[in-house]
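These are my notebook entries on one structure. I set down what I looked up, entry by entry.

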Amino acid sequence: MADRSRGGARNLPQGRDPSRHSKHAPRPDGPPRQRHHARRGPPHPRTHHELDPRKVAFETLRRVKPGDLLEPALLDTLRHLGHGEEFAHRVMPMLNDATRHAILFDHLVAHVASRPALELDADVRAALHLFLAWFLCGDSKAVYAHGNAAVDLLSDKHKGRGFVNACVRRLGEFLKVEAAPVEDYRGMVARHERIALWPDRARLGGGRIVRAERGLLPDPATKLAEHLSLACALPRVLVDRLLEQYGEEGAIQTCVAAVEHPATWVRPNPMAYTDDLALWWVSRGVDVKTAPIEGAVDAVALPADTNVALHPAFDRGAFYVQDYSAQLVAPALQPEAGQTLLDLCAAPGGKAGHLAELTQDRARILACDLTEAKISRIQQNIARMGYRGVATVIADAATVKFPELFDGVLVDAPCSNSGVLARRVEARHRISAESVAELSKLQLAILENAAANLKPGGLLVYSVCSVLMEEGVDIVHKFMGKGRENAGWEVEHENFLLPVPGWHDGGYVARLRAPEA
């Protein structure tokens with residue numbers, strides 16, 4: 001619900017004479033009584049200018065294009081409305097829900113509207129998506145209040161107010177929110193069991209499902225691709241690729257993972273914190289799990305909604321927030337103290353920092369990225385974590401040539417983010433056959449340029465947070481196919497990791513060794 005201004009609640013209705021409702025009104029038989037009032041202090045901080053999170057979300061959602069990054073768009077809206085960035089956390093959850101489930105929400109609206117949701121006015125569509133986010137992912141009992149709030153997002157003169165009002169009432173009657181069945185996704189994946197799908201229900205994440213009394217979705221038994229696209233709110237082209245490349249079991253697992261909220265993973269920094277990092281959370285009743293990382297300290301998994309910044313050692317660089325799948329990348333380079341190492345696509349600096357930890361900060365590491373803003377993020381994280389052996393430079397990973405060659409090069413290439421859609425909710429709206437083809441060209445160019453900056457006999461790690469083969473194994477095969485296999489290049493290690501719903505992200509990592517001179 002939007003916060004309501006207490007100052008506004010004291011305003012009198014229009015058209016009424018305030019003097020008739022004031023105990024200090026002039027008496028009919030003489031001048032007003034003289035009153036001595038204390039000098040007024042500063043205005044109450046809660047005024048009619050106070051932040052309304054719902055309005056901010058609406059102003060952001062109505063302007064963003066499919067695939068636009070939500071955070072910068074939200075910050076622009078806050079600045080435009082005169083609010084500080086510190087309020088972003090009050091708005092971002094509803095934006096994430098509306099964006100994550102946009103394809104599903106369009107499908108739900110189509111059940112009650114007279115025309116497809118994509119043909120609706122942008123303001124109307126944004127209002128309906130936010131209503132569904134509040135109703136389905138928030139307080140489902142306040143459906144009428146949510147409906148009124150959605151209508152009030154539109155101006156009094158907007159022709160779509162009546163349409164929105166009719167739609168939200170029908171949606172409120174048509175849809176039911178229920179607790180999701182308890183599902184052991186990790187166990188099911190380990191046992192190669194197929195995750196359940198239903199024609200009348202769709203997962204919302206956070207232990208919720210939406211159900212309709214009549215048919216809600218295509219039958220997954222006969223129209224699996226169409227069902228997954230709608231139920232998991234993913235573009236059809238992505239679902240088709242996943243079915244083709246991983247079969248039904250792997251495709252269902254990956255699609256469901258895009259809906260369920262994964263754990264919050266942290267990477268302990270052994271140089272800054274020698275105690276058991278998890279004990280602080282355990283002592284406060286937090287469910288903490290760990291997972292082994294070959295060649296590194298164990299990764300620590302916390303519940304999805306954990307505020308890690310509350311840990312007293314956060315500011316001292318005791319740990320870095322990084323998904324389990326991402327923590328597999330830097331150890332694959334097998335870095336050693338005294339080496340010179342290059343991280344070509346380094347922002348926000350997590351993998352460069354991991355290299356520093358793995359070498360006890362005794363390697364010379366150069367972290368590169370394309371813009372000043374990205375370099376600034378790397379530097380901020382390096383400063384918090386306390387690394388001394390990491391330098392930064394603005395450079396184009398596809399073309400830069402350094403005067404010295406490196407013992408090891410790490411490439412975490414730009415990609416479709418198809419393995420991390422649970423976290424990068426807007427990325428699903430950027431995935432198309434054309435965008436993946438363009439990214440593949442860039443990825444191969446970066447990998448080839450990485451090899452040009454590598455010493456003979458050196459190691460090269462290529463990784464993406466995508467599960468599409470066009471961006472992972474196919475890139476390595478194209479690289480090796482250009483005569484390099486015959487020239488002595490070797491693929492020493494490959495790891496395909498599909499995301500596990502509610503647990504971790506997915507990705508691909510490969511280690512290649514260059515031939516000796």
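**Entry 1: L69**

I began with L69 and found that L69 touches R424, E426 and R430, residues up to four places away in sequence being left out; contact here means heavy atoms within 4.5 Å. The model is a predicted one, in which local features need pLDDT of at least 70 and side-chain atom pairs count only at pLDDT 80 or more, while totals for chains, interfaces and linings use all residues. Residues are numbered from 1 along each chain as its sequence is written, and side-chain values use heavy atoms, with hydrogens and water left out.

I placed L69 in the loop between α2 and α3; helices (H or I, at least four residues) and strands (E, at least two) are DSSP runs, numbered from the N terminus. I took buried as under 20% relative accessible area, exposed as over 50%, and partly exposed as in between (1.4 Å probe, protein chains only). I also looked up L69 and K374, which are 305 residues apart along the chain; their C-alpha atoms are separated by 15 Å.

**Entry 2: the whole chain**

I then turned to the totals. The chain contains 17 helices and 14 strands, and its C-alpha trace spans about 105 × 60 × 45 Å along the principal axes. Of its 517 residues, 51% count as buried. I noted an accessible surface of about 25300 Å² for the chain, with 50% of it belonging to carbon and sulfur atoms; the areas come from the Shrake-Rupley method with a 1.4 Å probe, and for residues only the protein chains shown count as cover. Among contacts in the chain with a separation of 6 or more, 72% are accounted for by residues 24 or more positions apart.

**Entry 3: helix α2**

**Entry 4: nonpolar cores**

I next looked up the nonpolar cores, each a set of buried Ala, Val, Leu, Ile, Met, Phe, Trp, Tyr and Cys residues joined through side-chain atoms within 4.5 Å. The largest has 59 residues, and those with the most contacts inside it are L108, L128, L130, L132, L136 and L175. Helix α6 gives the largest share of this core, 11 residues.

**Entry 5: cavities**

How many cavities of 30 Å³ or more does a search of the whole structure find? The search finds 4. On a 1 Å grid over the protein atoms alone, a cavity is a set of points where a 1.4 Å probe fits but cannot get out, and lining residues have an atom within 4 Å of a point. Grid points are joined across faces, edges and corners, and a volume is the space filled by probe spheres set on the points.

The largest cavity has a volume of about 100 Å³. Of the 20 residues in its lining, T254, A257, A258, A422 and P499 are the closest to its centre. By class, I recorded 13 nonpolar, 5 polar and 2 charged residues in that lining; Ala, Val, Leu, Ile, Met, Phe, Trp, Tyr, Cys and Pro count as nonpolar, Asp, Glu, Lys and Arg as charged, and the others, Gly among them, as polar.

The second largest cavity holds about 60 Å³ of space. Its lining includes Y246, S466, M469, F496 and Y508. Strands β13 (490-497) and β14 (507-513) are the elements that give two or more residues to this lining, which has 8 nonpolar, 3 polar and no charged residues.

**Entry 6: backbone geometry**

The peptide bond from A347 to P348 is cis, with omega near 5°, and P348 has its place in the loop between β8 (340-343) and α14 (350-358).

A233 is a residue other than glycine with a positive phi, near 55°. I found A233 in the loop between α10 (224-231) and α11 (236-257), where A233 counts as buried at 0% relative accessibility.

D361, not a glycine, has a positive phi of about 60°. The loop between α14 and β9 (364-369) holds D361, and D361 is buried, with a relative accessible area of 18%.

Methods:
On a 1 Å grid over the protein atoms alone, a cavity is a set of points where a 1.4 Å probe fits but cannot get out, and a pocket is an open set with protein on both sides within 12 Å along at least five of seven lines; lining residues have an atom within 4 Å of a point.
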